[in-house]
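Have the chain open and follow along.

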Amino acid sequence: MRPVLILLAAAAALVPARAADRPAAPWPPPAGQLRVIIDTDTANEIDDQYAIALALGSPERIRLEGIVAAHFGLRGGSEGIQKSYLEAQATLERAGMTGKVPVKRGSDPFVYRDRIPPSEGLDFIIEKAKTATPEAPLWLVLLGPATDAAAALLKEPAIADRLVVFWHGRTQWPVRCWNFNAYNDTKAAQFLFEIPSRFILFDTGTYLRIPMEESGRRFAPLGPLGKYLQEIRSRRPEYMTPAKGFYDLGDVAALVDPGCVRWERTAAPTVDHDLRYDFTRTHGDIVRIYHVESDRTFDLLEQALQRIARR
């Protein structure tokens with residue numbers, strides 16, 4: 001076995017043993033501007049574009065240092081990362097932000113526990129995290145799979161206290177870690193609960209809904225980005241229904257206004273191969289957000305789009 005693979009295998013084997021050293025996730029987050037990277041499977045759905053818009057329009061709170069384009073499993077196929085990359089660029093273009101926010105391509109899913117899937121996005125996350133501190137960490141907001149966060153923490157364990165992993169799980173708590181983002185890379189999902197890192201599980205957002213007529217009235221008039229957010233609702237019939245959820249928008253809303261969520265500190269269970277939670281084997285404490293206010297979330301987005309339109 002090559003030396004690098006020996007090191008990776010050793011790191012993976014040590015994950016459970018080091019769980020007691022898990023650094024505490026800072027929640028509620030401190031006041032002021034947060035350093036943020038958004039890791040997003042942008043081309044999979046349309047809620048990610050809404051989340052990016054909220055981040056772009058909240059500069060007093062979100063210092064968006066980059067976007068990492070993520071895969072979205074079998075649905076995205078071999079071109080999923082590139083599709084997400086192009087969709088993230090399209091969103092930035094409508095915001096008048098082309099070239100102002102770096103966009104990097106993320107990693108393919110884990111195949112083996114001891115082999116880290118390489119990518120420019122992974123290296124970008126590590127590079128940015130190394131410039132952070134425990135007091136002023138980098139927030140890695142995962143709107144898609146857990147791949148890039150798990151890869152970064154395994155490749156460079158020293159960033160664990162400088163990086164806050166904020167993952168959109170929306171799982172079937174406390175029974176199983178079942179969600180599109182989880183089963184697109186089950187090994188990465190398992191790693192997030194095992195690795196001694198500052199981990200926040202955003203475990204809600206299904207009910208973030210707004211009728212097509214209301215989003216057209218409130219968002220479409222607000223510049224090219226607002227118009228684009230309304231246009232992409234026409235891509236598929238189910239996006240136009242009142243039941244359409246804007247799940248990932250809640251993650252960014254929680255950071256912009258932590259007062260709009262309810263949360264708890266809980267033990268991090270082991271995630272088994274069938275994605276069931278096992279609370280008999282735990283890995284330190286994590287933060288779990290289990291509710292986000294819908295009206296407040298859409299108000300924040302409208303205000304963000306107004307700011308972008310005025311630029």
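Let's start with a helix pair: the axes of α2 (residues 47-56) and α12 (residues 294-310) come within 8 Å and cross at roughly 60 degrees. That makes α2 oblique to α12, where angles under 35 degrees count as roughly parallel, over 145 as roughly antiparallel, 65 to 115 as roughly perpendicular and the rest as oblique. Keep in mind that this is a predicted model, in which local features need pLDDT of at least 70, side-chain atom pairs count only at pLDDT 80 or more, and totals for chains, interfaces and linings use all residues. Residues are numbered from 1 along each chain as its sequence is written, and side-chain values use heavy atoms, leaving out hydrogens and water.

**Ground rules**
- Helices (H or I, at least four residues) and strands (E, at least two) are DSSP runs, numbered from the N terminus.
- Axes are lines fitted to C-alpha atoms, for helices over the stretch in contact, and angles run from 0 to 180 degrees between N-to-C directions.

**Helix α2 and its two partners**
- The α2/α12 crossing is left-handed, meaning the near helix is turned anticlockwise from the far one by less than a right angle (clockwise would be right-handed).
- On the α2 side, Tyr 50, Ala 53, Leu 54 and Leu 56 meet Leu 300, Leu 301, Ala 304, Leu 305 and Ile 308 of α12; contact means heavy atoms within 4.5 Å.
- By class, the contact of α2 with α12 has nine nonpolar, no polar and no charged residues. Here Ala, Val, Leu, Ile, Met, Phe, Trp, Tyr, Cys and Pro count as nonpolar, Asp, Glu, Lys and Arg as charged, and the others, Gly among them, as polar.
- With helix α10 (residues 223-231), the α2 axis comes within 10 Å and crosses at roughly 160 degrees, which makes α2 roughly antiparallel to α10.
- The crossing of α2 and α10 is left-handed.
- Gln 49, Tyr 50 and Ala 53 of α2 meet Leu 225, Leu 229 and Gln 230 of α10, a contact with four nonpolar, two polar and no charged residues.

**The sheet**
- Eight strands form an open sheet with mixed pairing, in the order β3-β2-β1-β4-β5-β6-β8-β7; two strands pair if DSSP finds at least two bridges between them.
- At the edges sit β3 (103-105) and β7 (261-271), each pairing on one side only.
- On average, neighbouring strands of this sheet are turned by 30 degrees against each other, direction ignored.
- β7 and β8 (residues 277-292) run antiparallel and are joined by ten bridges, with Pro 269 opposite Thr 282 in β8.
- Helix α5 (residues 120-130) lies across β1 (34-40), β2 (62-69), β3, β4 (138-142) and β5 (163-168), at about 155 degrees to β2.

**Strand β6, from the inside**
- Five of the five residues of β6 are buried, so β6 is largely enclosed by the rest of the structure. Buried means under 20% relative accessible area, exposed over 50%, partly exposed in between (1.4 Å probe, protein chains only).
- In a regular strand, side chains alternate between the two faces of the sheet.
- Both faces of β6 are covered, with Arg 198, Ile 200 and Phe 202 buried on one side and Phe 199 and Leu 201 on the other.
- β6 pairs with β5 in the parallel sense over five bridges, and three bridges join β6 to β8, also parallel.
- Leu 201 stands opposite Trp 167, and the bridge partner of Leu 201 in β8 is Arg 288.

**Asp 161 and Ser 197: buried or exposed?**
- Asp 161, in the loop between α6 (147-155) and β5, is partly exposed at 32% relative accessible area.
- Ser 197, in the loop between α8 (186-194) and β6 (198-202), is buried at 0%.
- These two are 36 residues apart along the chain, with C-alpha atoms separated by 6.6 Å.
- Leaving aside neighbours within four places in sequence, Asp 161 contacts Pro 23, Thr 133, Pro 134 and Arg 198.

- A cis peptide bond joins Trp 27 and Pro 28, with omega about -5 degrees.
- The bond from Trp 173 to Pro 174 is cis too, with omega near 0 degrees.
- Leu 275 has a positive phi near 70 degrees, lies in the loop between β7 and β8, and counts as buried at 2% relative accessibility.
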